[in-house]
Amino acid sequence: MSDLTRMSAAQLAGVIAHGEASATEVTEAHLTRIAEVDDRVHAFLHVDAEGARAAALDVDERRSAGEPLGPLAGVPVGVKDIVATRGVPTTAGSRILEGWRPPYDATVVERMRAAGLVMLGKTNLDEFAMGSSTEYSAYGPTYNPWDLTRIPGGSGGGSAAALAAYEAPLTVGTDTGGSIRQPGAVTGTVGAKPTYGGTSRYGLVAFSSSLDTPGPCARTVEDAALLHAVLAGHDPRDSTSIPQPVPDVVGAARLGATGDLTGVRLGLVREFGAEGAEPGVMAAFRDGLDALTKLGAEVVEVSCPHFQYALPAYYLIAPSECSSNLARFDGVRYGLRVGDDGQKAIEEVMSLTREAGFGPEVKRRVIIGTYALSSGYYDAYYGQAQKVRTLITRDFTAAFEQVDVLVSPTTPFVAFPLGSRTSDPYQMYLADLYTIPTNLYGGPAISVPCGLSEGLPVGFQIMAPTLADDRMYRVAAALESAVGTLTPGELS
Ligand code: GLN
């Protein structure tokens with residue numbers, strides 16, 4: 001394996017800017033690595049070698065011409081396959097979008113291209129980002145580079161595994177209920193969910209529009225912040241995009257890396273307790289907490305009494321919104337069409353297309369959501385869940401009057417064996433116990449490695465108030481400076 005694939009994005013950008021390696025060499029090193037290991041990891045659904053080479057050459061030419069380059073110019077990136085990429089297949093992990101090549105780029109992709117990042121390809125995910133293990137991808141699962149018999153988390157398991165397998169130094173994910181942070185936690189990588197509306201949803205295949213948030217995945221906190229700075233910012237094409245400047249997340253990460261957290265108050269949510277988390281996960285989390293207190297932070301216990309209702313509220317709100325969003329997959333507008341023999345009615349073609357094109361988890365959610373939104377049930381289910389969402393938001397607001405950030409383990413358990421939770425949806429949903437409250441509230445949160453349990457990575461979650469994304473990066477970088485990054489063994 002080439003050393004170039006072991007470097008952080010910040011290091012690679014430096015190497016390219018100083019002419020020690022060209023963007024083309026960096027790209028080739030990663031394409032070679034993908035060719036060597038991805039048959040075992042299956043992080044990618046599509047590798048765009050030609051597009052990557054052209055983008056790298058463009059950076060090299062601009063550099064030779066003396067043009068100023070952005071801080072991540074020439075650095076390769078993988079993009080979760082639920083983000084539209086012009087001319088490059090975008091499946092959302094579903095058969096129903098097989099073969100679809102979007103005619104446009106998502107805003108986050110457009111911004112990365114403008115910044116000179118080199119897109120290597122599209123990463124695997126649970127179908128329409130619904131899941132916690134990437135086992136619901138219609139194209140087969142991704143395998144965790146720490147142990148190929150285990151899940152890499154989900155829904156963005158491909159984006160996380162690509163980092164842990166050194167196939168890419170940066171990837172993009174989307175977080176609706178934890179799909180950036182939970183895969184980060186179980187692969188020993190960093191995953192950040194920005195403030196909702198801080199990154200544009202334009203060009204994301206919509207799952208749950210009031211929750212979906214694209215964000216950065218990386219192997220270091222500084223790299224995540226660097227990518228965050230490229231992705232974030234107001235976009236007039238997204239009506240929920242926040243028309244405010246992006247906080248200085250890179251500066252905050254660099255400040256945190258100096259290892260001083262004097263005066264920073266960390267809130268421990270009483271209701272999260274030890275309940276539901278494996279003892280080994282709790283032990284690693286406690287070690288992380290100790291490390292932060294040694295840097296000067298203070299730990300305060302806070303009460304968020306409605307967090308216990310976050311999971312049930314989410315599993316009404318997200319399916320309701322998805323049942324509405326997925327109505328566009330009708331066999332007419334995009335991708336798959338089944339049974340159109342010129343004889344059948346459009347309803348029948350639509351039904352045959354959906355029957356063949358959607359997997360079981362997607363069907364389950366569309367049915368739950370349609371039920372929760374139907375007249376007579378709307379107030380009892382969807383309306384009620386929205387009220388719970390308000391109470392959860394109030395819990396966060398009250399907590400942030402006492403503390404600067406909230407902290408918890410990212411997930412209750414380490415990476416589980418493939419197949420062990422697919423037959424029980426509730427067990428799968430539990431993976432997001434600690435990540436979902438943040439999505440309902442809309443604030444930023446990050447997962448950073450804090451140690452191992454049974455030889456597998458454990459993630460430490462830091463949740464900050466809305467628009468205080470810089471604050472979470474500061475604490476995250478401080479933790480990383482104390483506990484270091486995690487490196488999996490060689491893929492045999
Ligand atoms: N695992 C959660 C779900 O299945 C979250 C998914 C996500 O964040 N996209 O809905």
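A cavity, on a 1 Å grid over the protein atoms alone, is a set of points where a 1.4 Å probe fits but cannot get out, and its lining residues have an atom within 4 Å of a point. Grid points are joined across faces, edges and corners, and a volume is the space filled by probe spheres set on the points.

What you see is a predicted model, where local features need pLDDT of at least 70, side-chain atom pairs count only at pLDDT 80 or more, and totals for chains, interfaces and linings use all residues. Residues are numbered from 1 along each chain as its sequence is written, and side-chain values use heavy atoms, with hydrogens and water left out.

Cavities, then. There are five of 30 Å³ or more in the structure.

Where does the ligand sit? In the second largest cavity, meaning that more than half of its atoms lie within 2 Å of the grid points.

Now the polar contacts (pairs of N or O atoms within 3.5 Å). An oxygen atom of the ligand lies 2.7 Å from a side-chain N or O atom of Arg 365. For a backbone N or O atom of Thr 176, the distance to a ligand oxygen is 2.8 Å. A polar side-chain atom of Tyr 315 is 3.3 Å from a ligand oxygen.

Key: Polar contact = N/O pair within 3.5 Å; in protein donor to acceptor, adjacent residues only side chain to side chain. 1 Å grid on protein atoms, 1.4 Å probe; cavity = no way out; pocket = protein on both sides within 12 Å on 5 of 7 lines; lining within 4 Å.
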